[in-house]
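Please read the following report alongside the sequence and the 3D view, which are shown here.

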Amino acid sequence: MKDSDKIEGERRLAAIMFTDMVAFTALAQRDEAGAMQLLDEQRRLIRPVLAKHNGREVDTIGDAFLVEFASALEAVRCAVEIQSALQEANTKRPDAEKIVLRIGIHLGDVIHNKGEVAGDAVNLASRVVPLAPPGGVCVTAQVHASVVNKIEFGFESLGTPALKNVAVPIEVFRIAGFGGAVSQAAPTTGRRVEPVETAPPRDRLAVLPFSNISANPADEYFADGMTEEMILSISQIKGLRVIARTSVMRYKGADKPIGEIGRELNVGSVLEGSVRKAGDKLRISVRLIDTSNEEPRWSQEFDRKITDVFEIQSEISRRVAEALREHVLGIPHAAGSTATRSTEAYMNYLRGRLFWNKRTEEDLKKAIDFFERSLKTDAKYARSYAGLADSYAALALLEFMAPNEAYPKAKEAAAKALSLRPDLAEALTSLGLIKYQYDWDWKGAEAAFKKAIHINPNYAPAHHFFADYLKAMGRFDEALAEIEQARELDPLSLAINIGVGHVLYLSGQYDRAIEEYRRAVELDPSFMATHLWFGRPYLEKGLYAEAIAELETAVRLSGESTLALAMLGHGLASAGRKDEALQILEKLKERSKSQYVPSYWIAVIYNGFRDREQVIAWMRKAFDERSSWLVWSNVEPRFAWLRDDPDFSALLKAMNFP
């Protein structure tokens with residue numbers, strides 16, 4: 001094999017499997033002839049299983065196999081059958097002749113060149129192998145996400161171990177029932193083991209909304225603020241994975257058992273609390289609960305006199321963080337704070353984030369209003385500036401405001417936030433978003449995202465927007481890892497859930513993309529963006545009726561937004577319904593006389609007609625407007641037919657793609 005940066009060839013998504021024979025080197029030094037005989041026997045046993053599961057043997061490297069599969073499901077089934085076959089064979093062999101393998105599998109982008117494969121996917125698969133126990137199989141988060149609901153085996157999370165030369169943390173899973181001491185290998189009947197239901201990892205934690213049990217309902221603000229402050233403080237602890245506020249707030253007032261919440265959020269630990277205020281006295285009760293048995297692991301009450309609300313919230317959050325270090329992780333940490341002493345500024349910030357998450361034009365404008373109210377009360381509140389930046393960037397991305405009008409405002413707000421708090425993960429994330437979507441500063445964007453994730457690995461939007469950047473770079477395996485990490489932190493976020501579908505769509509995995517969009521629809525059938533993007537994989541598969549049905553729903557839910565109409569026009573044109581598509585095209589051109597209509601989406605409609613001249617002309621206008629959507633043009637399937645067009649290539653080159 002050659003280094004990926006020296007190979008030019010066809011890129012494709014594939015599952016890569018590495019095998020490694022345990023203790024082979026030592027055996028070869030002791031008994032070379034015996035080692036070679038064992039190696040031949042290993043190959044005799046393994047090769048028929050590879051062929052059965054459509055595995056392509058790329059290379060044998062000493063005692064190791066490098067195998068490529070078209071799907072992760074085939075790779076996992078093959079690995080399990082290999083280990084089952086070896087377990088059975090080893091029961092009839094003396095210890096010195098047992099064949100024991102470790103197997104690692106990763107799903108990602110590979111480069112093909114003259115029969116060889118290379119790239120990050122190959123390197124990552126090789127890094128995962130040593131994590132598997134003797135006789136075991138380890139897979140990356142990408143493989144786990146692809147097969148978890150399709151096979152009958154259980155999985156155990158190994159967390160996010162440090163992998164040599166791999167900068168982005170990736171969760172690794174072990175297939176339950178395989179591995180351990182060779183002499184104690186589990187007996188098998190046939191080729192499969194029963195599913196093992198594993199408890200959610202204890203280091204995944206959710207802070208449930210604190211209950212206000214005061215007589216005065218107006219004290220609800222303090223309970224909400226306590227929840228937010230607790231999430232912020234605990235999120236700073238390295239090694240803890242904390243569910244985002246947008247997901248946990250859905251449980252406010254819900255009467256659900258802790259065990260059920262644990263299963264829904266895949267968390268092993270839950271922190272719940274209550275606030276009782278009477279006169280100038282305040283009692284805050286906090287409990288840490290194990291979701292597997294719903295038993296408390298730690299609890300404490302804090303009695304305080306009300307003097308400074310934020311001082312109380314910060315102090316108690318620090319105390320709770322200390323307790324979690326002791327009862328969950330046992331590692332040192334310094335907790336953060338809200339960085340404002342104004343209740344009004346803080347609550348308006350929270351309201352702003354609430355509306356920002358809804359992603360409609362009306363809600364984004366409400367978010368800006370609340371962030372601005374927050375800053376009128378506290379002009380040095382950095383997090384509200386970051387919220388402003390994100391809201392203006394979202395207005396540009398969703399085509400509610402011209403990019404050259406929205407992004408300068410976003411840049412100004414992000415710069416202000418960083419001038420106040422250079423280490424604020426939210427602001428660094430906003431900066432990364434602006435750098436790649438507007439400035440086309442690819443290196444600067446990646447550096448900002450990585451710094452944000454280093455500072456606060458539990459900030460879900462950092463992983464989400466970094467995934468968006470990685471998609472634009474064509475680094476789909478990394479993008480899938482990041483968006484899955486975002487979803488782990490904020491499993492009920494609609495924007496993040498449809499983001500998973502977007503990675504799969506751009507990488508050509510249309511069936512899996514459709515599955516993800518279908519799940520997102522189940523989360524909230526009224527979320528317009530899900531239906532909007534649901535149409536794309538259907539279109540690429542030629543399922544025009546299904547695509548148009550989703551796009552018509554998006555048009556209805558959005559009140560005929562420009563973006564939804566344009567996508568429907570593209571779908572109709574692709575389906576050969578020319579007259580209807582032309583009606584939408586004329587409607588948008590007429591609309592452009594009174595409001596901003598992005599050129600990119602006019603180009604998309606013409607793309608449905610395969611009208612090269614018009615597509616290029618409108619894409620050039622989109623370039624002048626600095627459309628956010630241009631950043632994915634080099635990987636967007638709908639433009640695949642233009643990849644070799646010199647004018648299209650010139651546009652991409654002008655954007656300084658690496």
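In which loop is the place of Glu 560? Glu 560 is found in the loop between helix 21 (544-558) and helix 22 (562-574), where helices (H or I, at least four residues) and strands (E, at least two) are DSSP runs numbered from the N terminus. The model is a predicted one, in which local features need pLDDT of at least 70 and side-chain atom pairs count only at pLDDT 80 or more, while totals for chains, interfaces and linings use all residues. Residues are numbered from 1 along each chain as its sequence is written, and side-chain values use heavy atoms, with hydrogens and water left out.

**Overall composition**

The chain has 26 helices and 14 strands, and of its 658 residues 57% count as buried, a word that stands for under 20% relative accessible area, with exposed meaning over 50% and partly exposed in between (1.4 Å probe, protein chains only). The accessible surface of the chain comes to about 27,000 Å², of which 49% belongs to carbon and sulfur atoms; such areas come from the Shrake-Rupley method with a 1.4 Å probe, and for residues only the protein chains shown count as cover. Among contacts (heavy atoms within 4.5 Å) between residues at least 6 apart in sequence, 65% join residues at least 24 apart.

**Loop residues**

Glu 560 has a phi near 65°, a positive value in a residue other than glycine, and counts as partly exposed at 34% relative accessibility. Arg 359, which is not a glycine either, has a positive phi of about 65°; this residue belongs to the loop between helix 10 (343-356) and helix 11 (361-377) and is buried, with a relative accessible area of 15%.

Glu 399 lies in the loop between helix 12 (382-397) and helix 13 (403-420). Glu 399 is buried yet has no salt bridge, the nearest side chain of opposite charge being that of Arg 638, 9.7 Å away. Here a salt bridge is a side-chain nitrogen of Lys or Arg within 4 Å of a carboxyl oxygen of Asp or Glu, and Lys and Arg count as positive and Asp and Glu as negative, with His and the chain ends not counted. Apart from its neighbours within four places in sequence, Glu 399 is in contact with Leu 563, Tyr 596, Pro 598, Trp 601, Ser 627 and Trp 629.

**Aromatic rings and charges**

Trp 601 and Trp 629 also belong to one aromatic cluster, together with Trp 533, Tyr 600, Trp 632, Phe 639 and Phe 648. The structure holds 22 aromatic pairs. The rings of Phe 466 and Tyr 469 have centres 6.0 Å apart and planes at 15°, so this pair is stacked; rings of Phe, Tyr and Trp (its six-membered ring) pair if their centres lie within 6.5 Å, and planes under 30 degrees apart count as stacked, over 60 as edge-to-face and the rest as tilted. Phe 466 and Tyr 469 are three residues apart in helix 16 (residues 460-472), and are therefore separated by about one helical turn. Phe 466 is buried at 1% relative accessibility, as is Tyr 469 at 2%.

A charge sits over a ring if NZ of Lys or CZ of Arg is within 6 Å of the ring centre and within 35 degrees of the ring normal, as in the table.

| Charged end | Ring | Distance from ring centre |
|---|---|---|
| Lys 621 | Trp 618 | 3.9 Å |
| Arg 626 | Trp 440 | 3.9 Å |
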